Amino acid sequence: MIPQEKIAAVTRGLRAAFGVDKMEEMQMLSGGHRADLIFRIAVRGTPYLLRIVKRVSDPTNHFAAMQAAAEALLAPRVWYANAEEGVCIMDFIEAVPLPRREALAQMPAAMRALHALPAFPARANHLNTSCTFLLNSGAAVDELLRSFREADLVPRGEKEQFFAWHAELGAVCRQNDAEMAPCHNDLVKPDNILFDGNRVWLVDWEAAFQNDRYADLAVVANFVVTHEAEERSYLARYFGQLPDEYQLARFFLMRQVAHMFYAMAYLLLGSAGKAVDWNDSVPEFGEFHRRIWAGEVDFKDSSMKIAYGQVHWRQLMRNLELARFGEAMRTVGERHASG
């Protein structure tokens, strides 16, 4: 199962980590990124996770973020990591289902610890796959917006309003250096959050880089926050005190940026250039995220990608009509104007 060209590198890893040349058991896992090979192995009766990076991109920053998180007890212990050879060995977490209320209690503290780490290494020309991509400027963002404008994916009367809102949000939610922190940037995938029955562990650090802390907070909230009282509790656990007006406003606006980003991305991915039919009812936001959290949604299915895009689109359309949107825009805009 291990590619021939990687056998020597894996053997070097086993020797460095455990002083052995062979593993006793090896099972390829079905989860994780299929661009990498991921195995559950056993050495001296103890299970570990072996990851072999097949990507052409340099995993140096991925491994550095993973090591930093592991040292802070946010990620499983790393026994061996060689970025040049693309091999790492770490503790294997025997994961059990993570109840939403348990995640609501534990995830804010985990993100607070993550965002307090020393700055992640700079990434030249990094690919930003988080929602803050939409707040950037440049050819890549312009191309995404052009593709979305030209495609027949959303009700026509709502499309132009969307672009007006995007321009407004981009002007107000620009990068604020005070909010930049080491971020995971891929917590939109619940399988990147493992629960051992006692605590959570964050895995798969390929997308990690310095980003707006509210991006991580926003995507996790989609799964664990169901009403405003839980929102305040969630942010209070993160900040260590009740959130102030600015924190509530910036969090709310970043959630709208996330709705924009995932609506666009999933509608484009799922439609494959075809028009999207809005005649059928769109799933309810909270219920669809409950199903994702429970592992009941398979995003290999194009119809599920489209449904997820529609879920975010409908939530965005509702939220941007709320009085809270205008109030949040004023609060954040005034804070930035005052420096």
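Predicted model: local features only at pLDDT ≥ 70, side-chain atom pairs only at ≥ 80, totals over all residues.
Of the 339 residues of the protein, 53% count as buried.

The protein contains 11 helices and 9 strands. Its radius of gyration is 21 Å, close to the 20 Å that the globule rule gives for 339 residues, so the protein is as compact as a globular protein of that length. Taken along the principal axes, the box filled by the C-alpha atoms has dimensions of roughly 65 × 45 × 40 Å. Contacts also reach across the sequence: among those between residues at least 6 apart, 69% join residues at least 24 apart.

Helix α8 spans residues 245-271 and helix α10 spans residues 302-319. Their axes lie 7 Å apart, and the two helices pack at an angle of about 150°. Angles over 145 degrees count as roughly antiparallel, and α8 and α10 are therefore roughly antiparallel to each other. Their crossing is left-handed. On the side of α8, the residues in contact include F252, H259, M260, Y262, Y266 and L267. On the side of α10, they include I306, Y308, H312, W313, L316 and N319. By class, the contact of α8 with α10 comprises 12 nonpolar, 10 polar and 1 charged residues.

The crossing of α6 and α7 is right-handed. From α6, the residues R213, Y214, D216, L217, V220, A221 and V224 take part, and they meet E230, Y234, Y238 and F239 of α7. This contact has 8 nonpolar residues, 3 charged residues and no polar ones.

Helix α5 contributes W165, E168, L169 and V172 to the contact, while α11 contributes F325, M329, V332, G333 and H336. The residues divide into 6 nonpolar, 2 polar and 1 charged.

Helix α5 also holds A171. At 49% relative accessibility, A171 counts as partly exposed, since a residue is counted as exposed over 50%. A171 and L74 are 97 residues apart along the chain, and their C-alpha atoms are separated by 34 Å.

A second residue with a helical position is N61, which is placed in helix α2, residues 60-71. N61 has 22% relative accessibility and therefore counts as partly exposed, given that buried means under 20%. N61 and L194 are 133 residues apart in sequence, and the distance between their C-alpha atoms is 22 Å.

L73 lies in the loop between α2 and β4, the latter being residues 78-82. Phi of L73 is near 60°, a positive value in a residue other than glycine. For D204, too, phi is near 60°, again positive in a residue other than glycine. D204 is found in the loop between β8, residues 200-202, and β9, residues 209-212. With a relative accessible area of 10%, D204 is buried.

L127 is found in the loop between α3, residues 100-115, and α4, residues 139-150. L127 has a relative accessible area of 61% and is therefore exposed. In sequence, L127 and F209 are 82 residues apart, yet in space their C-alpha atoms are 9.6 Å apart.

Notes. Residues numbered from 1 in each chain as written. Heavy atoms only, no water. Left-handed = near helix turned anticlockwise from the far one by under 90°. Helix = DSSP H or I, 4+ residues; strand = E, 2+ residues; numbered from the N terminus. Contact = heavy atoms within 4.5 Å. Nonpolar A, V, L, I, M, F, W, Y, C, P; charged D, E, K, R; others polar. Rg over C-alpha atoms; globule rule 2.2 N^0.38 Å. Buried < 20%, exposed > 50% of the residue type's maximum accessible area, 1.4 Å probe, protein only. Axes fitted to C-alpha atoms, helices over the stretch in contact; angles between N-to-C directions. Parallel < 35°, antiparallel > 145°, perpendicular 65-115°, else oblique.
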